[in-house]
Each structure stands twice: as structure tokens, then as C-alpha cells.
Amino acid sequence: MDRRKFIKASLVTSGAVAFGGYASVYPFIASSLSSPYDLVAIKGGEPEAMFDKAIASLGGMKNFVKKNQKVVIKPNIGWDVKPELAANTNPKLVARIIKHCFDAGAKDVYVFDHTCDNGSRCYSNSGIERAVKDAGGKIVSGESESYYHQVDIKKGKRLTNSKVHELILESDVFINVPILKHHGGGKITAGMKNLMGVVWDRRYWHQNDLHQCIADFATFKKPDLNIVDAYLVMKRNGPRGVSKDDLLTLKSQIISTDIVATDAAAAKLFGIDLADVPYINYADELKAGRKDLSKLNINRIIM
Amino acid sequence: MKVTAFKKIRVAVSLLFFIFTLSLFLDYRNMFPSSIYSKILFLQFIPSFVKFLSLAGLGAIGFLIILLLTLFTGRIYCSSICPLGTLQDVVSFLSKKFKIKKKKRFHYEKEKKWWRYSFFSLVVTSFLGGTIFFINLLDPYSSFGKISAHLFRPLLITANNSIAFLFEKMNMYLVYPFEFKGVEIFSFLLALTILLVVGYLSFAKGRLYCNTVCPVGTLLGFVSKFSFIKIAIDEKSCKSCGICERVCKASCIDTKNKAVDFDRCVACFNCFDVCPTDGMKFEYGFYSSPKNDKVKIEATPSCELNEHDEKVLYSKRNFLFNTFVYAVGLTGITLSQIKINPKKASKVAVFRKNPVTPPGSKSRTNFTQNCTACHLCVSVCPTQVLQPAYLEYGMLGMFQPRMDFQTGFCNFECKLCGDVCPTSAISSISLEAKKLTQLGKAKFVKDNCIVNTENTDCGACSEHCPTKAVNMVPYKNKLVIPEVKEEFCIGCGACEFACPTKPYKAIYVEGNPKHLTAKINKEKKIEQKVDYKEEFPF
């Protein structure tokens with residue numbers, strides 16, 4: 001950085017901080033500044049109650065969502081499967097997050113996923129469409145290519161560009177709400193793998209080293225908040241599942257601003273060795289976040 | 001007797017049938033409940049007839065009702081129920097409205113007997129010979145279906161997507177684009193050809209199509225010769241002014257001779273509507289005045305002779321023609337090996353020996369014998385996996401739908417195609433049964449697989465598999481590679497669709513000529529030992 005740039009940058013920074021605009025422009029940085037914890041893990045309660053408690057320990061949703069902001073929530077709605085089979089994020093949790101966003105003053109809360117099964121069937125049978133509408137949010141189609149726009153992924157090794165849903169690109173706040181599951185190719189799916197649902201061409205990822213592409217995309221857009229639904233966890237046959245026999249009732253939740261830490265914690269909760277989930281390690285190498293949980297300030301809550 | 005109400009009722013009824021039938025094909029968001037389809041299409045003649053042949057039951061007697069109705073009072077079907085008939089009326093109405101057509105419209109014309117019976121015997125003999133192909137080409141309901149599915153539906157979707165585009169600019173997502181996988185070119189061309197031919201004929205010649213080409217029109221025409229009540233001219237009231245002749249789209253009123261060729265009358269009642277002297281009447285068919293016939297013969301004695309000659313000639317020609325058709329039908333020219341993706345050469349070219357037919361179709365034979373190619377299933381299929389076949393079923397199976405795993409895959413929780421099918425080609429089955437119906441078996445081609453060729457993880461096929469017939473198993477360097485357990489596979493094609501390899505897939509579904517039942521993939525329940533008070537593992 002040369003001198004001129006330094007002066008300019010410090011002027012802008014001090015100005016922004018002085019006028020209080022900083023927090024609203026960069027809620028991610030603001031929240032990590034004002035929150036004492038890097039990650040919250042909670043277990044033993046119902047999804048909604050756990051979220052209430054966990055978000056409170058991070059200073060409440062107002063630390064992430066400011067007045068009149070546009071929020072996009074990306075749950076996993078990938079499959080035309082009923083809620084009790086836990087292939088999609090728990091609709092009650094999604095509804096609760098939307099409520100917190102509105103309470104914090106959000107103007108609009110959008111929810112979408114680029115589904116694997118037919119979109120409208122996934123939306124309705126997952127129970128998420130109903131939950132979103134009842135909570136006052138807006139459910140948006142992820143099925144049309146026209147909503148996706150080409151972006152460069154500068155730090156990507158294999159994935160250097162991708163078409164990303166405009167809500168991700170345009171919203172002020174991006175909340176990632178995956179459900180923890182076993183995954184055939186990805187080993188497990190949680191925070192980073194869930195972001196495959198914000199791009200148009202997933203086949204490219206599968207063709208070009210799936211794990212590297214998952215890590216590459218994590219360098220492009222870091223969600224402002226990652227909330228992992230680990231209440232019902234699919235232990236095998238993921239990510240779609242065959243029957244209820246595949247599920248383990250873990251009654252847990254992980255919340256963090258760091259998507260790599262989120263996945264590292266999720267992997268441990270799932271019971272898989274970090275070394276067996278290549279994308280978490282790749283993402284750590286790309287500095288998309290930190291996988292070493294021992295260096296993080298973690299709030300562990302048992303209800 | 002002035003009965004103008006008849007025309008009004010006919011117009012109202014025909015529009016009802018037309019709008020409802022059209023809506024079924026245009027419902028690209030699947031908003032109609034699937035139970036309504038069979039109610040709306042119950043009376044469509046050919047689908048009902050085909051259904052009756054394989055499963056005689058109350059659900060398939062629509063065509064019998066039409067036959068009885070025709071026997072009672074003529075070809076009510078043609079002007080009130082047949083959607084292609086009403087489509088012709090709409091074309092005709094619009095051309096009149098926009099003054100494209102001169103005022104003087106129709107006049108009496110002789111029946112095109114040779115053509116009419118040639119088309120009819122082509123359909124009948126080919127059907128007896130074992131192919132439904134010519135019915136599929138000429139059945140008015142199925143033709144209307146193809147026109148709706150490949151011309152009107154894409155137009156509506158284009159309109160929807162244009163509106164969605166404008167909405168998106170205003171940050172509104174209520175109307176959203178429909179990701180249309182495109183029209184199949186041959187079906188599009190066929191639909192366009194039918195629309196142009198039928199449209200032109202109705203524009204220039206009224207219902208010439210119905211009275212020459214349409215097999216239903218010909219059959220019902222024959223039945224209406226024996227109708228109990230017929231439309232006729234009241235000789236006392238009729239002044240031979242010719243007004244009725246000008247509005248008769250079937251060109252079957254001969255005012256000069258005061259005769260109605262009821263065989264060709266499509267029961268539109270336009271003549272009743274316009275006659276200034278109450279010259280039209282209903283007549284009991286039993287004693288259909290021999291006088292009229294006599295008048296006809298007297299008026300055209302030479303015609304009678306010609307017609308006789310023509311009949312002889314016709315039967316000879318027809319015999320040769322039919323023999324040819326019959327031979328084609330029996331040989332069943334089939335293209336047994338279809339390249340899955342013929343774009344460019346690849347390492348391992350993959351061939352599918354048998355096309356995959358939709359769930360509920362039981363077998364390839366049952367499906368191809370009973371499908372009239374109306375493309376209703378193609379229109380309602382939410383994943384667009386159902387696409388008209390090109391040569392997968394052979395030449396005579398062209399346009400009958402097949403599962404095209406390039407465009408989509410069969411949704412595990414869906415059985416809409418069977419619910420809407422108006423024939424017995426696809427039966428309605430329970431969702432439980434559907435989930436175990438094996439349409440085909442997945443075949444893994446290791447030499448095309450990313451895991452093997454690139455040494456990177458993938459798993460797209462297993463990810464999409466609803467029964468986990470495709471499972472990821474340990475491979476070298478901690479990688480996992482697909483393994484297929486065929487007994488659990490239902491042939492939905494999710495694996496094939498998801499597989500990212502190009503141009504040939506590393507996994508594809510080989511169709512079962514006869515559908516089988518898959519085994520339930522039952523595994524031991526995951527052990528639920530969780531201590532919720534225990535510390536986190538990190």
C-alpha cells in the first residue's frame with residue numbers, strides 16, 4: 001500500500017466510523033467487533049428456542065441486521081421431501097430467523113434456493129414456502145437462469161467465475177441456514193456446501209474437483225451469519241435420504257460468522273474427521289475462515 | 001319452428017369445453033387438481049375409445065355416450081365437444097371479425113368420398129394391423145393437444161417470462177420465469193403443420209377437414225345416417241333463398257334440391273339461426289323422406305353413375321394402399337440403438353437399447369399401443385422429463401412421449417402423468433406403487449466417471465438418487481465412487497440427469513421393456529444414543 005492510498009483509506013475509515021455508517025455498511029465486521037464470541041454451539045432445546053438463546057449470546061439479530069436493510073436467507077430447500085425427513089432446513093427455524101430479522105428492523109426478507117428437485121414442489125413440500133409467507137418474508141424462485149449473474153471469484157483455484165443469484169449480490173445481509181447432513185460426494189453438507197444452491201451451474205463444480213470448488217466459492221461471498229440446523233441429522237444416504245431410519249435426533253445448532261469454523265464444528269458434531277472433508281481444509285488454506293476451533297472463542301450452551 | 005337458442009347453447013357449450021381443455025394444456029404451474037383432468041376429457045372420443053379397448057369400465061364409456069348421442073341427434077361432438085372443431089370455428093370467427101374473408105362464405109359442395117374413406121380406412125386398417133400411429137396423426141383431440149402443447153403453451157410461457165423480466169427490474173418476484181426446456185422440433189413442426197392445414201381449410205372451406213380427413217368425423221358421420229332425429233329442410237316453408245347454405249360450414253345443405261346431407265352435418269345449428277322462413281326442421285330419422293333422395297337422384301343422374309365407378313376404383317386402390325400400410329405396421333421399423341448424446345465423440349459412447357416409458361405405463365407395448373400422443377403428460381410434467389420421442393419407439397412410435405433424461409428426471413413424489421392420461425397408456429397408480437415401479441435400471445460406466453478420470457470427488461448421481469440404489473463406496477486415495485444396486489433402482493433417471501460428464505454420461509438408465517417392481521431399500525435404524533447434557537466434541 002502506498003502512502004496516498006494509506007491516507008485515503010484511513011480518512012475513509014475514520015470518517016465512516018465517526019459518522020456511524022460503518023456498522024451498517026459492513027455488518028459482518030461490525031458484528032465480529034461487537035460480539036464476544038466467534039461461534040455459538042447450543043443443544044438440548046427446540047430449534048426456535050435454541051436460536052433465540054444463541055442469537056442473544058451474539059448480541060441479538062440487531063448486530064447483523066440494521067433498520068431498513070434487505071435480507072436474504074438461504075436455507076437448504078433442495079429436495080421435494082417432507083420436513084420430518086430432514087433433507088431440508090427446518091421450516092420453523094427459518095420462520096424464527098425471519099421474525100428476528102423483522103424485529104431488528106429489516107425492510108424485506110427474501111428466501112430462495114436453487115433446488116435439485118423441481119423448485120415449486122420443493123418449496124411447498126418442505127413446508128418452507130408456507131413458513132416464510134406466514135412470517136412475512138418473500139419466497140423467490142431459484143429456478144430461472146435469468147436471476148443469476150456472472151461474477152468473478154478472484155481467489156478461486158478451480159472455480160474462477162460463476163453465475164450467482166441476484167438476491168445474494170444485491171442484499172445487504174446474507175444469512176446462510178443449512179441443515180447438517182451426510183453427503184455422498186462432499187462427505188458432509190453444512191455451511192459451505194449449502195452455497196452450491198446460490199449458483200446456477202452446479203455441474204461445473206462436480207466436473208472440476210467438487211471440494212476445491214466448494215472452498216473456492218467460500219472466498220467469494222462470506223455469509224454475514226451461518227446458522228446450522230442440526231436438530232435432526234441425516235447420518236447416511238445423504239443428502240436426500242431414504243427414510244426416517246437415516247436420522248439421528250441431535251437437537252443441536254451452530255451459529256457463526258465464520259463459515260469455515262461453522263463447518264469444522266459441524267463436522268465434529270457429525271462425527272467425521274476434519275481430514276476426511278477436503279473442502280474444509282482447502283477453505284482454511286484459502287483463508288476463507290478458520291478451521292482450528294481451539295483458537296476460537298466459542299460459547300457452548302447446553303439447555 | 002324458430003330455434004335460434006340451439007346455436008347459442010352450442011356456442012356456449014363448445015367454448016366451455018374448448019377453454020377447459022385448452023387450460024389443461026396451458027397449466028404450466030400445475031394449478032389444476034389432477035382429479036379434474038379425467039372429468040374434462042371424459043367425452044373425448046378417441047382417448048376414451050382406446051382406453052375402453054384395454055380397460056372396459058365406467059371411466060372409459062365417454063365414446064359410447066358420444067355414439068349414443070350421435071345416434072340420437074347427429075354429430076353433436078363435432079361442434080360442441082371436439083376442441084379442434086371449436087378451434088376451427090374460432091379461426092373462422094376471427095377471419096370474419098377482421099374482414100379477411102369475403103361476405104359470401106360457404107356453398108354446397110359434394111362429399112369428397114374418395115379422400116374421406118381413404119383416410120378412414122388408413123386409420124382403421126393400420127390400427128387393426130397393430131399401430132396407433134395414424135390415429136395419433138389424425139385424432140382431432142390429440143392434434144389439438146399437440147397444437148396447445150407446442151404452440152400455445154410456449155407462447156404463454158414467453159408472455160409469462162417477459163412479464164417476469166419487467167417485474168424483476170422492479171424487484172418484484174411474484175411473477176417469476178418458467179425455466180422452459182424448449183420445444184421438441186418435430187412435434188413443433190407437426191403441430192404447426194396441423195394448425196396451418198386445419199386453419200386454412202376452415203378459413204377457405206369450412207369444416208372440410210372434419211368431413212374428409214378426421215376419422216372421428218367420418219365414423220360419427222356414418223353413425224348419424226341412422227340418427228333418430230335429423231336436421232332437414234321443411235319443403236313447404238323453404239324458399240330456396242340459400243342463406244342457410246352460406247352459413248353452413250359443413251357445406252352440406254343443398255338449397256337447390258332442398259336437401260341436407262346429414263352425414264356431414266356437424267350440428268352447429270347456424271342454419272336454424274339464419275333461416276328467415278323457419279325452413280329448417282327436425283325430422284325423425286326412421287322415415288327419412290325417400291322423396292328427398294328421389295329428388296336428388298333426379299337432379300343429378302350422371303353423378304350417381306360416377307359415384308358407382310369411383311367406389312369400385314376406390315376399393316381396388318384402397319386395397320393396395322392398405323396392404324402397404326399394413327406391411328409397414330407389422331415390420332415395426334425400429335431404431336433400436338439410440339445415442340444418448342450424439343453431439344461429439346467421447347471416450348465411451350453410451351447406447352440405450354430400450355427407451356424408458358413413464359411410470360404407470362406398465363410396458364413399452366402397452367404404452368405404444370395405447371398412447372394417442374396428445375402430449376397432455378408432456379405439458380403437465382413438472383420436471384419436463386417427458387418429451388415426444390423421435391425414433392426411440394421406431395418410426396410408428398414417433399411423437400409418443402418418452403423419458404428424456406437430458407431435460408430432466410422423474411420426480412420421486414410425482415405421478416401426475418398417470419393421473420392426467422386420458423387413455424390407458426399411462427394408468428393412474430398410487431404414489432407408493434410408483435415409488436417401487438422400476439422403469440429401468442441404472443448402468444454405471446466407470447470409464448466415463450469423473451472420480452476415475454479426474455481423481456476428484458463428485459457424487460452427483462448418488463446425491464440425486466431417491467432410493468440410494470446408487471451409493472458412493474470407497475475408491476483409491478480416500479475418494480468415493482458410485483456403485484449401483486439394481487434391485488433398488490426405479491429408473492427415475494435422476495443420476496443420469498445429474499451426471500456432469502460430457503458428452504456421454506457415466507451413468508444412464510437402460511429401460512425395462514416391461515416395468516418391474518424394485519425392492520425396498522430397508523436399513524437398520526440409526527442408533528439414537530445421544531446425551532443432550534454431554535459436552536460438545538469441540
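**View 1. The contact between chain B and chain A in a predicted model**. Across this interface, 38 residues of chain B are in contact with 45 residues of chain A, where two residues are in contact if their C-beta atoms, placed from the backbone, lie within 7 Å. Helix α22 (residues 460-464) of chain B supplies the largest share of the side of chain B that touches chain A, namely 4 residues; helices (H or I, at least four residues) and strands (E, at least two) are DSSP runs, numbered from the N terminus. By class, that side of chain B has 19 nonpolar, 9 polar and 10 charged residues, with Ala, Val, Leu, Ile, Met, Phe, Trp, Tyr, Cys and Pro counted as nonpolar, Asp, Glu, Lys and Arg as charged, and the others, Gly among them, as polar. The model is predicted, and local features need pLDDT of at least 70, side-chain atom pairs count only at pLDDT 80 or more, and totals for chains, interfaces and linings use all residues. Residues are numbered from 1 along each chain as its sequence is written, while chains are lettered from A and ligands numbered from 1 in the order in which they are written.

**View 2. The packing of helix α6 against helix α10 in chain B**. Helix α6 (residues 83-97) of chain B packs against helix α10 (residues 185-205) of chain B at an angle of about 55°, and their axes are 9 Å apart; axes are lines fitted to C-alpha atoms, for helices over the stretch in contact, and angles run from 0 to 180 degrees between N-to-C directions. The angle therefore makes α6(B) oblique to α10(B), since angles under 35 degrees count as roughly parallel, over 145 as roughly antiparallel, 65 to 115 as roughly perpendicular and the rest as oblique. From α6(B), Leu84(B), Gln88(B), Val91(B), Ser92(B) and Ser95(B) meet Val198(B), Gly199(B), Ser202(B) and Phe203(B) of α10(B), a contact that has 4 nonpolar, 5 polar and no charged residues.

**View 3. Helix α3 of chain B and its buried residues**. Helix α3 (residues 45-54) of chain B is mostly covered, with 7 of its 10 residues buried; a residue is buried if 20 or more other C-beta atoms, placed from the backbone, lie within 10 Å of its own. Those buried in α3(B) are Phe45(B), Ile46(B), Pro47(B), Ser48(B), Phe49(B), Val50(B) and Lys51(B). In chain B, which has 23 helices and 12 strands, buried residues make up 45% of the 538 residues.

Notes
Buried ≥ 20, exposed ≤ 12 C-beta atoms within 10 Å, placed from the backbone.
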